[in-house]
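Here is a briefing on one protein model. Read it with the structure open beside the text.

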Amino acid sequence: MSLFAFVRELCRDRDVTPDATRTDECRATGAASTSATAITGQAGAKASAENFPVALRLLPRRYRGHLAAIYGFARSADDMGDEAAAAERLSLLDELEADLGRLYRMVSRADAPVGEGSTGGAPGSVNGDVPSGRDPGSPHADGSAGGHPGSMDADGSPPRLAVVRALAPAVVACAIPAQPFYDLIAANRQDQVVSRYPTYRDLLEYCRLSANPVGRIVLHIFGAATPEREALSDQVCTALQLAEHWQDVAEDLRAGRIYLPLEDMDRYGCTERDLAAPHAAPRMRALIAFEERRARDLLDAGAPIVGTLRGAARAAVAGYVAGGRAALAAIAASGHDVLRATPRPGKARVAMELVRAYAAGG
């Protein structure tokens with residue numbers, strides 16, 4: 001799943017929540033499937049575990065609206081990959097991807113000079129409507145033909161899902177490239193076919209799709225995207241995703257997934273039976289302590305991004321860093337027993353970390 005979790009107030013703040021987070025699809029153009037409509041309509045009504053708070057109520061309204069739209073999309077992709085009927089998941093993700101292609105083609109046409117046709121920009125650009133590295137006619141990794149955006153709706157129909165239409169103001173105003181959105185979909189597609197990660201490097205590749213795109217999108221929203229900041233953001237976002245995985249070991253196992261690298265489990269003598277126990281054995285605690293330290297080092301390496309930002313961007317990104325540090329502190333405070341109960345940080349600890357990160361620049 002992606003890491004885009006917000007403070008609970010986001011879902012209650014109706015004046016900034018876009019239509020995409022509601023169930024009203026009567027304005028949709030074209031025909032979206034019933035399942036896709038239901039899942040995307042419910043997405044914004046959910047509040048996730050609060051590892052990655054953003055100081056939303058301190059941000060100007062335009063930022064909150066854009067962030068809410070991004071949340072609705074990311075939450076929809078997660079729910080399609082995690083909560084839909086197993087037989088429908090890949091087709092729903094294909095449908096979401098195809099609708100994203102419609103959005104970027106619509107933006108591309110709007111940007112084209114009068115009298116000129118538009119074929120879309122390069123992959124990864126705002127106008128690009130084909131995921132980078134994928135041949136428009138190639139199948140997905142799971143072998144399905146997929147709903148790749150380059151192959152559908154040549155007539156230029158607009159997006160059918162409100163959750164995708166709601167992205168348009170942010171995409172246009174903030175020049176958000178297409179690739180991060182496609183990567184979030186790809187991560188959820190990967191979850192359908194990959195349930196174990198042999199090495200830490202393999203897990204980092206997954207985080208490149210499931211977590212890092214969020215930070216890059218956020219930087220675009222604040223007009224702060226540079227190669228240097230994106231590199232730091234990737235470290236922060238990967239660390240946040242790892243922290244979430246370490247908190248949710250038991251929950252992920254019930255879903256049939258293990259994100260702990262198998263090479264690390266072997267090193268500490270842990271088996272899947274250890275992960276299913278009601279309490280963590282000493283060897284399991286040692287493994288989680290190792291992973292917690294590794295995530296903390298990664299988070300600390302990326303945290304200096306805060307010092308490069310000012311104003312609302314600094315507050316928002318400091319919130320992500322603070323949420324990650326508080327989550328990792330909660331894991332440590334549990335004695336690294338993440339099986340007995342999911343360790344969650346208290347609001348006071350998150351607030352303390354937020355002040356610290358903002359003031360210190362990381």
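## Briefing

Thr238 touches Leu204, Cys207, Ala211, Asn212 and Leu298, leaving aside residues up to four places away in sequence. Thr238 lies in helix α10. The model is a predicted one.

- Thr238 has a relative accessibility of 6% and counts as buried, because the cut-off for buried is under 20%.
- Leu209 lies 29 residues from Thr238 in sequence, and the two C-alpha atoms are 9.7 Å apart in space.
- One of the residues touched by Thr238 is Asn212, which is also among the buried residues of α9.
- Helix α10 covers residues 227-247 and is part of what covers the buried residues of α9.

**Whole protein**

- The protein has 16 helices and zero strands.
- Of its 362 residues, 56% are buried.
- Take the contacts with a separation of 6 or more: 76% of them join residues 24 or more positions apart.
- The protein exposes about 14600 Å². Carbon and sulfur atoms supply 55% of that area.

- Nine of the 10 residues of α9 are buried, so the helix is largely enclosed by the rest of the structure.
- The buried residues of α9 are Asn212, Pro213, Val214, Gly215, Ile217, Val218, Leu219, His220 and Ile221.
- Their cover includes α3, α6 (168-174), α7, α8, α10 and α15 (311-333).

**Packing of α3 with α9**

- Two packed helices are described by the angle between their axes and the distance between the axes.
- Helix α3 (residues 61-82) and helix α9 (residues 212-221) have axes that come within 10 Å and cross at roughly 155°.
- That angle is over 145 degrees, so α3 is roughly antiparallel to α9.
- The α3 and α9 crossing is right-handed.
- From α3, the contact uses Tyr63, His66, Leu67 and Ile70; from α9, it uses Ile217, Val218 and Ile221.
- By class, the α3 and α9 contact holds six nonpolar residues, one polar and no charged.

**Packing of α7 with α8**

- Helix α7 (residues 179-193) packs on helix α8 (residues 200-210) at an angle of about 135°, with the axes 7 Å apart.
- The two helices, α7 and α8, are therefore oblique to each other.
- On the α7 side, the contact is made by Asp183, Leu184, Ala186, Ala187, Gln190 and Asp191. On the α8 side, Tyr206, Leu209 and Ser210 take part.
- The contact of α7 with α8 has five nonpolar, two polar and two charged residues.
- Leu209 of this contact is the residue whose C-alpha is 9.7 Å from that of Thr238.

**Ile288 in α14**

- Ile288 is in helix α14 (residues 282-302).
- At 0% relative accessibility, Ile288 counts as buried.
- Leaving aside residues up to four places away in sequence, Ile288 touches Val249, Leu260, Ile331, His336 and Val338.
- Tyr268 is 20 residues from Ile288 along the chain, and their C-alpha atoms are separated by 9.8 Å.

- His336 has a positive phi of about 65° although it is not a glycine.
- His336 sits in the loop between α15 and α16 (347-360).
- With a relative accessible area of 15%, His336 is buried. Ile288 touches this residue.
- Ala175 also has a positive phi, near 50°, and is a residue other than glycine.
- The loop between α6 and α7 holds Ala175.
- Ala175 has 38% relative accessibility and counts as partly exposed, because the value falls between the 20% and 50% cut-offs.

- Pro60 is in the loop between α2 (34-43) and α3.
- A relative accessible area of 30% makes Pro60 partly exposed.
- Where does the chain bring Pro60 and Ala312 in space? Their C-alpha atoms are 7.6 Å apart, and the two are 252 residues apart in sequence.

Methods. Residues are numbered from 1 along each chain as its sequence is written. This is a predicted model: local features need pLDDT of at least 70, side-chain atom pairs count only at pLDDT 80 or more; totals for chains, interfaces and linings use all residues. Side-chain values use heavy atoms; hydrogens and water are left out. Helices (H or I, at least four residues) and strands (E, at least two) are DSSP runs, numbered from the N terminus. Buried means under 20% relative accessible area, exposed over 50%, partly exposed in between (1.4 Å probe, protein chains only). Contact means heavy atoms within 4.5 Å. Accessible areas come from the Shrake-Rupley method with a 1.4 Å probe; for residues, only the protein chains shown count as cover. Axes are lines fitted to C-alpha atoms, for helices over the stretch in contact, and angles run from 0 to 180 degrees between N-to-C directions. Angles under 35 degrees count as roughly parallel, over 145 as roughly antiparallel, 65 to 115 as roughly perpendicular and the rest as oblique. A crossing is left-handed if the near helix is turned anticlockwise from the far one by less than a right angle, and right-handed if clockwise. Ala, Val, Leu, Ile, Met, Phe, Trp, Tyr, Cys and Pro count as nonpolar, Asp, Glu, Lys and Arg as charged, and the others, Gly among them, as polar.
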